[in-house]
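Good morning. I have one structure to show today, and I will go from a single residue out to the whole chain. Please look at the screen.

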Amino acid sequence: MDDKIHKKDETELADMLRKSLMGKRYLIVMDDMWSSKAWDDVRLCFPSENNGSRILLTTRNNEVSCSAGTENLSLHMGFMDPDESWNLFQSIVFSNKELPFDEFETIGKKIVEECHGLLLTIAVVAGLLKSERTIEDWGSVAKDVKPFVTNDPDEQCSRVLGLSYNHLTSDLKSCLLYFGIFQED
């Protein structure tokens, strides 16, 4: 970006974006839209050419979802059930085959139970435990999962996520946590 871009107003930038997308297939992710007005302000930037392009919109606000015309396409995420939680946990933790499954299974299931079906919590804890090879380390995690997760080196990122997360309804929290299943980057 050069100085010319920084000097343009919103209307000019919107027109530039629309023109750059014309004739191309695209996937745009609009994460955490808080208002219908915000969606209305950006929707015209995306040309509708029926070429397979898509816009993925996440919101905690049903009004935004309705305004975007996604009532029939909306996905309301629930919490993971105990079997799904355990399957995710063990697919992460035991993927390297260095940990003896039989020895760690019982305590692993206790840890998963403490995650209460929250996908992101399961994924983070499992990722951390993947490198822990003693039953004692796992035992300390089983006693209190939440502080273990917040001691993550990426604590600042957790705080930022927490600002939005704490304002979500429980069904939309599940939706956000679902995205934790995708690999980083």
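Start with threonine 58, which is buried, with a relative accessible area of 14%. Buried means under 20% relative accessible area, exposed over 50%, and partly exposed in between, using a 1.4 Å probe and protein chains only. Threonine 58 sits in strand β2, residues 54–59. Helices (H or I, at least four residues) and strands (E, at least two) are DSSP runs, numbered from the N terminus. Setting aside neighbours within four places in sequence, threonine 58 is in contact with Met30, Asp31, Asp32, Met33 and Phe179; contact means heavy atoms within 4.5 Å.

A word on the source. This is a predicted model, where local features need pLDDT of at least 70, side-chain atom pairs count only at pLDDT 80 or more, and totals for chains, interfaces and linings use all residues. Residues are numbered from 1 along each chain as its sequence is written, and side-chain values use heavy atoms, leaving out hydrogens and water.

Now confidence. pLDDT is the predictor's confidence in each residue, from 0 to 100. The chain has a mean of 77, and 80% of its residues reach 70 or more. Helix α5, residues 82–93, has the highest mean, 92, while helix α10, residues 155–165, has the lowest, 51. Over residues 148–153 the pLDDT is below 50, and beyond near neighbours in sequence this stretch has eight contacts in the model. Where pLDDT is low, the predicted coordinates should not be read in detail.

That is all from me.
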